[in-house]
Amino acid sequence: KHGIKNWKRPNLLTVGRLFPYKNHDLIYGWVNEVNKNLELNLVGVADGLESELMVKNLVKMGARLVINPTEDLIDKLFSRATHFLLASEVESLGVVTLEAICSGAIPLVRRIGGISSYLPKRFLFDNKLDFQDKLRFLLDPKHASDESENLATLRSALSVDKVSKALIDIYAGD
């Protein structure tokens, strides 16, 4: 479930393991080029040497990190987030993107894996300029509000009840 979002005070979020292919550093840099004053939380599990190096790099850059968060904290971060950003180069279905949409956040994610099967093109990006142009558009409070309404059908289709029913139907052979 998601609460009411304050589109005039954007709260940006990216969630994913703190590995190079998740590109938290790209998100941080690209967002700061758009607007250095945006609230951006980089959230992920840091569980290896690559993670240590990524964390050190992000700290040097001045990023706001949430490392190894609990499920409750992730839920709180999703509930506060107005926009969800993901530049990962490796995704299958993009479960974290689905979670973000269900939380009421507006997604802007790399066109990769199965994400493009359920997310309209206006929420997908292919490169830095595409990302930054779409982010500027989605940060406008009026556009954000409109796009949130446009995502209502997708959020409804992804509800726990509807997904549970669909799975039960599949297993029942209906």
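This report describes a predicted model of one chain, from its overall form down to single residues.

## Overall form

The chain contains 9 helices and 6 strands. Its radius of gyration is 16 Å, close to the 16 Å that the globule rule gives for 174 residues, so the chain is as compact as a globular protein of that length. The C-alpha trace spans about 55 × 40 × 30 Å along the principal axes.

Of the 174 residues, 45% are buried. The accessible surface of the chain is about 9400 Å², and carbon and sulfur atoms account for 55% of that surface. Contacts can also be sorted by how far apart the partners are in sequence. Among contacts between residues at least 6 apart, 62% join residues at least 24 apart.

## Confidence

The mean pLDDT of the chain is 91, and 97% of the residues score at least 70. Confidence is highest in helix α6, residues 128-139, with a mean of 98. Helix α9 has the lowest confidence, with a mean of 77. Where pLDDT is low, the predicted coordinates should not be read in detail.

Y171 is exposed because its relative accessible area is 72%, and the cut-off for an exposed residue is over 50%.

Y171 also belongs to a nonpolar patch on the surface, together with V163, L167 and I170. The accessible area of these residues together is about 450 Å².

Is S148 buried or exposed? S148 lies in helix α7, which runs over residues 141-150. With a relative accessible area of 11%, S148 is buried, because buried means under 20%. Leaving aside residues up to four places away in sequence, S148 touches W7, G104, I106 and R155.

S79 is found in helix α3, residues 71-80. The relative accessible area of S79 is 34%, so this residue is partly exposed; that class lies between the buried and exposed cut-offs, under 20% and over 50%. From S79 to N68 the separation is 11 residues in sequence, and the distance in space is 18 Å, C-alpha to C-alpha.

## Summary

The predicted chain has 9 helices and 6 strands, and its mean pLDDT is 91. Among the residues described here, S148 is buried, S79 is partly exposed and Y171 is exposed.

Technical notes:
Residues numbered from 1 in each chain as written. Predicted model: local features only at pLDDT ≥ 70, side-chain atom pairs only at ≥ 80, totals over all residues. Heavy atoms only, no water. Patch = residues over 30% accessible without salt bridge, like charges linked within 9 Å, V, L, I, M, F, W, Y side chains within 5 Å. Areas by Shrake-Rupley, 256 points an atom, 1.4 Å probe, with all protein chains shown as cover. Salt bridge = Lys/Arg side-chain N within 4 Å of Asp/Glu carboxyl O. Buried < 20%, exposed > 50% of the residue type's maximum accessible area, 1.4 Å probe, protein only. Helix = DSSP H or I, 4+ residues; strand = E, 2+ residues; numbered from the N terminus. Rg over C-alpha atoms; globule rule 2.2 N^0.38 Å. Contact = heavy atoms within 4.5 Å. pLDDT = per-residue confidence, 0-100.
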